[in-house]
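Let's take a walk through this structure together, one piece at a time.

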Amino acid sequence: MKTEPYREAPYLRRAYVLGHPIAHSLSPALHRAAYAYLGEANFEYDRRDTLPDDLPTIMHRVRHPKGTEDAPYIAGLSVTMPLKTAVIEYCDELSETARVTGAVNTVYPRGEKVLGDNTDVIGIVNALRHAGLEPDPERDEPAVIGGGATAISALTALHKLGYRRASVYARSLHKLGDLQAVAERLGVQLSTVALAEFPVEQKARRHNPVISTLPARAADDWASQLSGLKGASNPAGASATHRPVLLDVAYNPWPSALASAWEANGGTVVSGLEMLLYQAVEQVLLFTGRELQPAELLGLINAMCAAVDLAPRASVS
């Protein structure tokens, strides 16, 4: 494991998760476990309730990375709502993923520059792969439920998995301009359908995978209408490839009504906590400048899993 020399700081290093509200964020548990595993004894990670008007002061400190005894070096920021677009103006450079999605959830200094990234996308990709998804773009059409900022990251993740067509189910179809613009940039053919139609459409079209970006309990009214998923007639013997995978980004409470109904009908479910885990892994590597060998990366992931009661992994893939 190695750390880039310019990342060294004379005083305590800190990272924060910024957003509002932020009190119930699990990011501190994940990040603290990671830094303990890596032996980063002078690295602290805290919550900071933040609104857009608070960003200038915080970002000024990121731009002065040497730190002082009273104002420690800020090694990185995890950014949640309502800041994922507001923070962009304070970044000198954006990753390609951040540019495509128009959202930043990760900010960190590199030399004299402040960089912005969107690790939600790789978080979604790895969560789906952990659930056993084997992408088959020629056979399957995926679906995204919801039309907000997370839906854009979900669509970008599907594109990274090789899909070139997708359906989006949303309440307000006339408010999907940003999502449709991203689909055009990615070259993804997008169909838009009213959210209330999802149970019927899923039975007929058998979307796989499905990513729900709805808030907790937002699907409770219609989740019980789901039926006829692939593998339902023989769920125990159906392979993961032929069982539709649902990623429900809402993970509290868990299982959600949507996840329970999906699994009861023979599908495979994965919690949004897996997405949170994998996007945090990427943030830790960016904040510390570490390059880990597979065995070290697996140890890091499992330390983070233990912190939030997720099952340990047998491999990094």
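Predicted model: local features only at pLDDT ≥ 70, side-chain atom pairs only at ≥ 80, totals over all residues.

Start with helices α10 and α11: their axes come within 11 Å and cross at roughly 125 degrees. Axes here are lines fitted to C-alpha atoms, for helices over the stretch in contact, and angles run from 0 to 180 degrees between N-to-C directions. Helices (H or I, at least four residues) and strands (E, at least two) are DSSP runs, numbered from the N terminus. α10 and α11 are therefore oblique to each other; angles under 35 degrees count as roughly parallel, over 145 as roughly antiparallel, 65 to 115 as roughly perpendicular, and the rest as oblique.

Residues are numbered from 1 along each chain as its sequence is written, and side-chain values use heavy atoms, with hydrogens and water left out.

Which residues of α10 and α11 meet? From α10 come Leu277, Tyr278, Ala280, Val281, Val284 and Leu285, and from α11 come Leu297, Leu300, Ile301, Met304 and Cys305. Sorted by type, the residues of this contact are 11 nonpolar, no polar and no charged. (Ala, Val, Leu, Ile, Met, Phe, Trp, Tyr, Cys and Pro count as nonpolar, Asp, Glu, Lys and Arg as charged, and the others, Gly among them, as polar; contact means heavy atoms within 4.5 Å.)

α11 (residues 294-307) also packs with α1 (residues 27-38), at an angle of about 140 degrees and with the axes 8 Å apart. That makes α1 oblique to α11. The crossing of these two is right-handed. On the α1 side the contact is made by Ala29, Leu30, Ala33, Ala34, Tyr37 and Leu38, and on the α11 side by Ala295, Glu296, Gly299, Leu300, Ala303, Met304 and Ala307. These residues divide into 11 nonpolar, one polar and one charged.

Now for the sheet. Six strands make an open sheet with mixed pairing, in the order β2-β1-β3-β5-β6-β4. β2 (43-49) and β4 (93-94) stand at the edges with a single partner strand each, so one side of each has no neighbour in the sheet. Two strands pair if DSSP finds at least two bridges between them. β1 (residues 13-19) and β3 (residues 73-79) run parallel and are joined by six bridges. In β3, Gly76 is the bridge partner of Ala15, and Tyr73 is that of Arg13.

Is β3 buried or exposed? Seven of its seven residues are buried, so β3 is largely enclosed by the rest of the structure. Buried means under 20% relative accessible area, exposed over 50%, and partly exposed in between (1.4 Å probe, protein chains only). Tyr73 counts as buried at 3% relative accessibility.

Next, find α4 (residues 120-130), where Asp120, Val121, Gly123, Ile124, Val125, Ala127 and Leu128 are buried. Its buried residues pack against α3 (96-101), α5 (149-160), β10 (210-212), β11 (245-248), β12 (268-271) and α10.

Finally, a few backbone details. Most residues other than glycine have a negative phi, and most peptide bonds are trans. The bond from Asn208 to Pro209 is cis, with omega near -5 degrees, and Pro209 is in the loop between α7 (198-205) and β10. Another cis bond joins Trp254 and Pro255, with omega about 0 degrees. Arg217 has a positive phi, near 70 degrees, and is exposed, with a relative accessible area of 57%. Asp309, in the segment after α11, has a positive phi near 65 degrees and is exposed as well, at 73%.

Notes:
Left-handed = near helix turned anticlockwise from the far one by under 90°.
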